Amino acid sequence: MSRKLIAVTACATGVAHTYMAEKALIQQAKKMGVLIKVETQGATGIGNRLNAKDCQIGEAVIFATDTKVRDSDRFEGKKILQVNVSDPIKNAQKVIEDALALADQN
Amino acid sequence: MNWKKLGKELEQHVMTGISYMIPIVIAGAVLMAISRVGASFYGINNIWDAQWAKSANAVIQFLHTDDGWGGTALGLMFPIISAYIAYSVADKGGIAPGIIGGTLVASMNAGFLGALASGLIAGYTVKFLVAHIHLPEAAKSVLPVFIVPVVGSFITLFLIQYVIGVPFAGINTGLAAWLKGMTGTNRVLLAAIIGGMVGFDLGGPVNKAAVTTAMALLTSGVYDPNTAAQVAIIIPPLGLGLATMINKRKFSPELQEAGNASLVMGLIGVSEGAIPFAIESPLKVIPANMIGSALGSAIAVGLGAVNRAPISGFYGWFAVEKWWIYIFAILVGTLTVTALTLLFRKNVTVTTEETATTTEDADATYFSEDQWEN
């Protein structure tokens, strides 16, 4: 069974980095054989909204955000890896590995 | 208390506030720019003056009104940033004390720092109230509908009025006066330093420190740092993108691909487009970026271009005062980055096997819903 992660990306302006981080995470996860769903909280609203089921399935949550995560109560009780929105753009592999390591911790 | 964690938390609150303030500043600044550029065609350089409200020319009259609209929008800057910092700290309950505190900050002229303080005070006050006041079940709703807005606002307003307001107003006017009073070499030097900082780490901490400071000063009516920063933001991605087009042999296929993206990102004002280059060979790319950005910023500010909006993308260029100088400065900076990059780099031996894998699209649906759920 594949590993599963969920992520939220958000940047201050909400037009570019949010989506670059999304793309970087998805590309890298695909390369690593990890399934990932990424929600984008951009200037035009929330994209690919994670529903309750997604939140339950994801082993850990990556917050690649420079701003407050909207509706963060959905992730209550989850293991959360908080990084800057630029981190996955620079090194998505490390972010995903860190998230998987976090999910393995007890 | 973990200081690093606290710093990170505060940064996130402030960035949230800025993120909600940006559209307001852009709306206000561009509305004003339209009225001022429009007025300049009639030879008017004080369109905000009340005399134009009664102008016989309907267009001039409208331009005066439009300038007022811009002012209305900009007047909301401090209330909004304060409200959303508080929101970031304490959720919905923070907004009312935050917006009220921010309005007091605006009327006391306590500036950007005052607005930051107001948002944090409002947010943490509300957070404290919610965490520490425990009411019996039957009276629970008194907390969010009465205690939080009233007590939260009272404490925030009290602290701003009697503690931080006056000293912060002093700092604000002092700093603004000092920077506005800068002339000649110092002004150009300041612009060059800001440009170099922005070009240094492309969206990293140094860049963010420079851009955030520039934005803060913008709200106090000091425009040079913002002009410098906005010019510098787009020079690295444009310069590196251009370099890949001029001489493909010096770049691997991945970087050629990144170069196209970099050009587009540069045009819309995102310096991170240059990151792939900075990662690949930092010692060649970072100096080129810093020199190009510093030069562009120094030229723009030194020759008197003024960008009043926090917009670096091309769609903001024509709202800049003396936009021809501004574009010239971007051009010089960009060509400098391009030239230095091409000078520093050697030809790469092209490996053709990699080309196929790089263009793959990011596709959110590389797995099925079934795989996800099982």
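Colleague: What kind of unit do β1(A), α1(A) and β2(A) make?
Modeller: They make a right-handed β-α-β unit: with the strands pointing away from the viewer, the path from the first strand over the helix to the second runs clockwise. Helices (H or I, at least four residues) and strands (E, at least two) are DSSP runs, numbered from the N terminus. This is a predicted model, where local features need pLDDT of at least 70, side-chain atom pairs count only at pLDDT 80 or more, and totals for chains, interfaces and linings use all residues. Residues are numbered from 1 along each chain as its sequence is written, while chains are lettered from A and ligands numbered from 1 in the order in which they are written.

Colleague: And in which sense do β1(A) and β2(A) pair?
Modeller: Parallel, over six bridges; DSSP has to find at least two bridges for strands to pair. A:K4, for instance, has A:L35 in β2(A) as its bridge partner.

Colleague: How many bridges does β1(A) have with β4(A)?
Modeller: Six there as well, and that pairing is parallel too. A:A10 is opposite A:T65 of β4(A).

Colleague: Is β1(A) buried or exposed?
Modeller: Mostly covered, with seven of its seven residues buried, meaning 20 or more other C-beta atoms (placed from the backbone) within 10 Å of a residue's own. A:K4, A:I6, A:V8 and A:A10 point one way, and A:L5, A:A7 and A:T9 point the other.

Colleague: Switching to the interface: how many residues of chain A are in contact with chain B?
Modeller: 21 residues of chain A, in contact with 22 of chain B; a contact is C-beta atoms, placed from the backbone, within 7 Å. On the chain A side, α1 (17-32) and α3 (86-104) each supply at least two residues, and α1(A) gives the most, six.

Colleague: What is the secondary structure of chain B?
Modeller: 15 helices and zero strands. The C-alpha trace of chain B spans about 75 × 70 × 40 Å along its principal axes, and 47% of the 374 residues in chain B are buried.

Colleague: Which residues are buried in α6(B)?
Modeller: Among them are B:V148, B:G152, B:T156, B:I160 and B:F168. The cover over the buried residues of α6(B) includes α4 (95-108) and α5 (111-132) of chain B.

Methods. Buried ≥ 20, exposed ≤ 12 C-beta atoms within 10 Å, placed from the backbone. Contact = placed C-beta atoms within 7 Å.
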